[in-house]
Amino acid sequence: IIPEKNFISFSEAKSKAEEYSGQKTLKWKYVKNKNSWEYNFWMFIKSGKAQVRIDASSGDIVTVKKKR
């Protein structure tokens, strides 16, 4: 995936999500959310399943959702 020129790369976003969760990515999407683009990553963690959303322009973690 080649994001717009001011966005962080997929590999940078994936590394950030995996570093934050401590797990490998199982599934991912690059989606438009309202007025911004995000990388969404899903992974299994000890307490169940987690989704990490990263803003594509800033590289900031937007949300982390955990499900059992």
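A residue is called buried under 20% relative accessible area, exposed over 50%, and partly exposed in between (1.4 Å probe, protein chains only). This is a predicted model, where local features need pLDDT of at least 70, side-chain atom pairs count only at pLDDT 80 or more, and totals for chains, interfaces and linings use all residues. Residues are numbered from 1 along each chain as its sequence is written, and side-chain values use heavy atoms, with hydrogens and water left out.

**Exercise 1.** Find where Lys34 sits, and decide whether Lys34 is buried or exposed.

*Solution.* Start with the place: Lys34 lies in the loop between β1 (27-33) and β2 (36-45). Strands here are DSSP runs of E, at least two residues long, and helices are runs of H or I, at least four, numbered from the N terminus. Next, take the area: Lys34 has a relative accessible area of 75%, so Lys34 is exposed. Finally, look at the backbone: the phi of Lys34 is near 55 degrees, a positive value in a residue other than glycine.

**Exercise 2.** Work out how β2 and β3 run and how many bridges join them.

*Solution.* Two strands pair if DSSP finds at least two bridges between them. Eight bridges join β2 to β3, and the two strands run antiparallel. A hairpin connects them through two residues.

**Exercise 3.** State how many residues of β3 are buried.

*Solution.* Take the range of β3, residues 48-55. Of these eight residues, seven are buried, and the strand is mostly covered.
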